[in-house]
Amino acid sequence: MTNQDPSLAVKKDLVVTLDYKLLVDGEVIDSSEQDFPIQFLQGHGEIIPGLENELYGMKVGEHKQVVVPPSQGYGEYDPEAFAEIPRSEFPKDFPLEPEVEVQLRDEDGEVVDAFIESVDDKLVYLNLNHPLAGKELHFSVTVVELREPTPEELEHGHVHAPDGAELEDDEFDDEDDFDDEDDDDDDEFDDEDDFDDDDEDEADED
Ligand code: ZN
C-alpha cells in the first residue's frame with residue numbers, strides 16, 4: 001500500500017480500493033477475501049448506487065455496514081421479465097442448460113444479462129432478472145486505499161490496470177458468442193420485442 005494522506009476521504013473522482021463482503025439472506029455470496037479488493041472510480045456508477053453513495057467521506061481503514069434495498073441494488077424482481085428464444089438462434093455449440101448466462105442486447109444496444117431458466121425441444125426460456133434482483137444486499141466494507149486517478153482514468157470514467165491498460169469487464173467479453181455467429185446481422189437481439197413480452201408485440205407496433 002502506498003503512503004496515504006490521513007485526511008483523505010472518499011469523494012467523487014478518487015480511485016477507491018475496497019475490501020468487501022456481501023451477504024444475502026444471511027449467506028456470504030461474495031467476498032474480497034476470496035477474490036481481491038475491488039477498485040473503482042468513485043462517482044461514476046462502476047458499482048451499484050446504493051453502495052457507492054454510502055462510501056462518501058470514508059477514510060482509509062474505515063469499516064462500515066451498508067444495507068442496500070433492491071431499488072438501489074440489482075432492481076426489483078420482475079415476474080414479467082422472461083423471454084422465449086428459438087433454440088435455432090443460439091450458436092450450435094452454446095450450452096443450452098439451466099443457469100447458463102446469456103447476453104442479449106436491448107433496444108438501445110445495451111448488453112442485458114439473462115439466465116437460462118429451462119429448455120425444451122424448440123425454445124429456450126430466459127429469465128432476464130438479475131440473480132440478485134429483489135434481494136436486500138448486506139455489505140460489510142473497508143476502504144483499503146484511496147488515490148487520485150490518472151488523467152486517462154478520469155477521462156474514461158473508470159479504473160485502468162496498473163500498467164494503464166483497459167480492464168475489460170469479463171462479463172461482456174462473452175457477448176461475441178452471440179454477435180459473431182450471424183456475422184453482420186445481429187438484429188435478432190437488437191429488438192427487445194423479440195424476446196420481451198410476446199403479448200405486447202402487436203400493441204407496440206406503430
Ligand atoms: Zn479506459
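Glutamate 153 and arginine 147 join their side chains in a salt bridge, with 2.9 Å from N to O. That pairing is a handy way into this structure, which is a predicted model. The protein chain is built with 6 helices and 9 strands, and 35% of its 206 residues count as buried.

**Salt bridges**

- Searching the whole structure turns up 4 salt bridges, including the one between glutamate 153 and arginine 147.
- Another salt bridge brings together the side chains of lysine 135 and aspartate 25, at 2.9 Å from N to O.
- This pair ties distant parts of the chain to each other, 110 residues apart. Lysine 135 lies in the loop between strand S8 (123–127) and strand S9 (137–147), while aspartate 25 lies in the loop between strand S1 (15–24) and S2.
- Aspartate 25 is exposed, since its relative accessible area is 61% and the cut-off is over 50%. Lysine 135, at 29% relative accessibility, counts as partly exposed.
- Lysine 64 and glutamate 54 make a salt bridge too, and their closest N and O atoms are 3.4 Å apart.
- Here the link runs between strand S4 (residues 63–68), which holds lysine 64, and helix H1 (residues 49–55), which holds glutamate 54. The two residues are 10 residues apart.
- Lysine 64 is partly exposed, with a relative accessible area of 26%, and glutamate 54 is also partly exposed, at 35% relative accessibility.

- Is histidine 160 buried or exposed? Histidine 160 is buried, because its relative accessible area is 3%.
- Glutamate 166, with a relative accessible area of 37%, is partly exposed.

**Aromatic pair**

- The count of aromatic pairs comes to 1. Phenylalanine 90 and phenylalanine 94 form this tilted pair, with 5.4 Å from centre to centre and 50° between the planes.
- Phenylalanine 90 counts as buried because its relative accessibility is 5%, under the 20% cut-off.
- Phenylalanine 94 also counts as buried, at 13% relative accessibility.

**Serine 31**

- Serine 31 belongs to strand S2, which covers residues 27–31.
- With a relative accessible area of 1%, serine 31 is buried.
- If you set aside its neighbours within four places in sequence, serine 31 is in contact with Tyr20 and Lys21.

**Whole chain**

- Among contacts in the protein chain with a separation of 6 or more, 64% come from residues 24 or more positions apart.
- The protein chain has an accessible surface of about 12500 Å², and carbon and sulfur atoms account for 44% of that surface.

Terms used. Residues are numbered from 1 along each chain as its sequence is written. This is a predicted model: local features need pLDDT of at least 70, side-chain atom pairs count only at pLDDT 80 or more; totals for chains, interfaces and linings use all residues. Side-chain values use heavy atoms; hydrogens and water are left out. Rings of Phe, Tyr and Trp (its six-membered ring) pair if their centres lie within 6.5 Å; planes under 30 degrees apart count as stacked, over 60 as edge-to-face and the rest as tilted. Buried means under 20% relative accessible area, exposed over 50%, partly exposed in between (1.4 Å probe, protein chains only). Helices (H or I, at least four residues) and strands (E, at least two) are DSSP runs, numbered from the N terminus. Contact means heavy atoms within 4.5 Å. Accessible areas come from the Shrake-Rupley method with a 1.4 Å probe; for residues, only the protein chains shown count as cover.
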